[in-house]
Amino acid sequence: MSIDTTHTQKLIQAVTQADAPERLISAVRALADARLEAGIATLIAALGYNNPGAAAIAMNGLIAMGTTAVVPLLENIDGYNYGARAYNLRALAAIADPRALDRLLQAAENDFAPSVRRAAAKGLGKLHWQQLPVEQISAAQAQAARALQKIAQDPDWSIRYAAIVGLQALGAQPEIRPQILSHLQQMVQSETDPAVLARVQLACQMAFN
């Protein structure tokens, strides 16, 4: 067994065997900082621990690993723990790999947990579209726009707010900008929540002026 393998196993064991909240946080931080592909599964598991500090550190560690973490994140969405699912979606949103598009669409439109829907909605607008084959970009952006426009009508003001954040980011793409601007301008006329209205106005000002 190599020294590197032994070190990796020790880092993982420190997480799985931590017997106090502060030790867990310290162990997760050490594993996250190491940025080891072999540690990804343990970091994903930590997203579901009853320790928000450890979960946030694990999420940031996965984000730092970038595209290497995308497939494991997609394959290990927690169907029961919505907190873990929200951290997972936030990581995918931050990495912004377009392979997460379908997962983000599903979560943004259908998940029962507002925190998950908000994370997915924000992420839909920020994907790195240029990583897709050229012939797929327009259709993928249109999918995201339709979903966000629908979510922007949600009864929950916080989800509408997140959808606007996603729409503003998506509106940076020239091909779909007119459609999104038109939708946001309609929202200026119809939105009744002061916070959401202010966010719509900011989106129009920042992204399209």
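This report describes selected helices, residues and salt bridges of a predicted model.

Helix 4 covers residues 52-65.

Buried positions in helix 4 are Ala54, Ala55, Ile57, Ala58, Met59, Gly61, Leu62 and Met65. These buried residues pack against four elements: helix 2 (21-34), helix 3 (40-46), helix 5 (70-75) and helix 6.

## Leu11 in helix 1

Helix 1 is formed by residues 3-16, and Leu11 is part of it. Leu11 counts as buried because its relative accessibility is 12%, and the cut-off for a buried residue is under 20%.

When residues up to four places away in sequence are not counted, Leu11 touches Ala30, Leu31, Ala34 and Leu36. Another residue, Arg29, is 18 residues from Leu11 in sequence, and the C-alpha atoms of the two are 9.7 Å apart in space.

## Helix 9 and its packing

Helix 9 consists of 18 residues, numbered 134-151. From the first C-alpha to the last, helix 9 reaches 27 Å, which is close to the 26 Å expected at 1.5 Å a residue.

The buried residues of helix 9 include Ile137, Leu148 and Ile151, together with the alanines Ala140, Ala144, Ala145 and Ala147. Gln141 and Gln149 are buried in this helix as well. Partners in packing for the buried residues of helix 9 are helix 7 (101-110), helix 8 (114-124), helix 10 (157-170) and helix 11 (177-190).

## Arg85 and its salt bridge

Side chains of opposite charge can pair when their charged atoms come close. The count of salt bridges in this model comes to five. One of them joins the side chains of Asp111 and Arg85, with 2.7 Å from N to O. This pair links distant parts of the chain, 26 residues apart: Asp111 belongs to the loop between helix 7 and helix 8, whereas Arg85 belongs to helix 6 (residues 82-95).

Both Asp111 and Arg85 are buried. For Arg85, the relative accessibility is 6%, and the residue therefore counts as buried. Leaving aside neighbours within four places in sequence, Arg85 is in contact with Ile77, Asp78, Gly79 and Tyr80, and also with Asp111, Phe112, Ala113 and Val116.

Glu191 lies in the loop between helix 11 and helix 12 (194-208) and Arg160 lies in helix 10, so the pair ties together parts that are 31 residues apart in sequence. Glu191 counts as buried at 11% relative accessibility, and Arg160 is buried with a relative accessible area of 11%.

In another salt bridge, the side chains of Arg99 and Asp97 meet at 2.9 Å, N to O. Asp97 has a relative accessibility of 5% and so counts as buried. Arg99, by contrast, counts as partly exposed because its relative accessibility is 46%.

How values were computed: Residues numbered from 1 in each chain as written. Predicted model: local features only at pLDDT ≥ 70, side-chain atom pairs only at ≥ 80, totals over all residues. Heavy atoms only, no water. Helix = DSSP H or I, 4+ residues; strand = E, 2+ residues; numbered from the N terminus. Expected span 1.5 Å × (residues − 1). Buried < 20%, exposed > 50% of the residue type's maximum accessible area, 1.4 Å probe, protein only. Contact = heavy atoms within 4.5 Å. Salt bridge = Lys/Arg side-chain N within 4 Å of Asp/Glu carboxyl O.
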